[in-house]
Amino acid sequence: MKTKYLMGTAVGGLMEMPDWRFDPPFDIIEADSVKDAVREYNKKHNCSYFYGCPMCEITSDGECVGIDISTSRQMCEDILKDLIGEK
């Protein structure tokens with residue numbers, strides 16, 4: 001069964017930008033594994049320096065779970081609402 005992931009570009013880890021954060025483009029990727037989701041996101045968005053990373057998983061009822069330490073539940077929920085068109 002495929003899992004939906006809220007994905008963003010993970011940026012940071014550099015001397016001038018040591019802290020990690022997520023930047024656009026944000027996307028919902030449905031895949032069999034995290035590895036497959038990352039591969040699909042990177043291909044779709046032509047990532048070549050910073051790469052895609054799952055911000056969280058999206059349950060069948062639209063809840064954000066397994067939230068990455070570099071983001072927050074509120075950020076994930078706000079991005080998800082924007083992506084699916086809820087206001």
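**Figure 1. Strand β1 in the predicted model.** Of the 9 residues of strand β1 (residues 3–11), 7 are buried, so the strand is largely enclosed by the rest of the structure. The model shown here and in the following views is predicted. Strand β1 pairs with β2 in the antiparallel sense over 8 bridges. Within this pairing, tyrosine 5 stands opposite isoleucine 29 of β2. Strand β1 also pairs with β3, again in the antiparallel sense, over 7 bridges. Here leucine 6 stands opposite cysteine 56 of β3. In a regular strand the side chains alternate between the two faces of the sheet.

Figure 2. The 4 strands form an open sheet in the order β2-β1-β3-β4, with antiparallel pairing. Strands β2 (21–31) and β4 (64–65) stand at the edges; each has a single partner strand, so one side of each is left without a neighbour in the sheet. Strand β4 pairs with β3 (residues 51–58) in the antiparallel sense over 2 bridges. Cysteine 64 in β4 is the bridge partner of isoleucine 58.

**Figure 3. The peptide bond between proline 24 and proline 25.** The bond from proline 24 to proline 25 is cis, with omega near 5°. Most residues other than glycine have a negative phi, and most peptide bonds are trans.

**Figure 4. Asparagine 42 in helix α1.** Asparagine 42 is found in helix α1, which spans residues 34–44. With a relative accessibility of 14%, asparagine 42 counts as buried, because the cut-off for a buried residue is under 20% relative accessible area. Leaving aside neighbours within four places in sequence, asparagine 42 is in contact with Cys47, Tyr51 and Gly52. Glycine 8 is 34 residues away from asparagine 42 along the chain, and the C-alpha atoms of the two are separated by 9.8 Å.

Figure 5. Asparagine 46 lies in the loop between α1 and β3. Although asparagine 46 is not a glycine, its phi is positive, at about 50°. The relative accessible area of asparagine 46 is 65%, so this residue is exposed. Asparagine 42, by contrast, counts as buried at 14%.

**Figure 6. The chain as a whole, as context for the close-up views.** The protein chain has 2 helices and 4 strands, which follow the pattern β-β-α-β-β-α along the sequence. For 87 residues, a compact globule would have a radius of gyration near 12 Å, and the 13 Å of the protein chain agrees with this. Taken along the principal axes, the C-alpha atoms fill a box of roughly 40 × 25 × 20 Å. Of the 87 residues, 31% count as buried. Among contacts with a separation of 6 or more, 50% are accounted for by residues 24 or more positions apart. The protein chain exposes about 5,700 Å², of which carbon and sulfur atoms supply 53%. There are 10 positive and 16 negative side chains, and the centres of the two sets lie 5 Å apart.

How values were computed
Residues numbered from 1 in each chain as written. Predicted model: local features only at pLDDT ≥ 70, side-chain atom pairs only at ≥ 80, totals over all residues. Heavy atoms only, no water. Rg over C-alpha atoms; globule rule 2.2 N^0.38 Å. Buried < 20%, exposed > 50% of the residue type's maximum accessible area, 1.4 Å probe, protein only. Contact = heavy atoms within 4.5 Å. Areas by Shrake-Rupley, 256 points an atom, 1.4 Å probe, with all protein chains shown as cover. Lys, Arg positive; Asp, Glu negative; His and termini not counted. Charge placed at Lys NZ, Arg CZ, Asp CG, Glu CD. Pairing = 2+ DSSP bridges.
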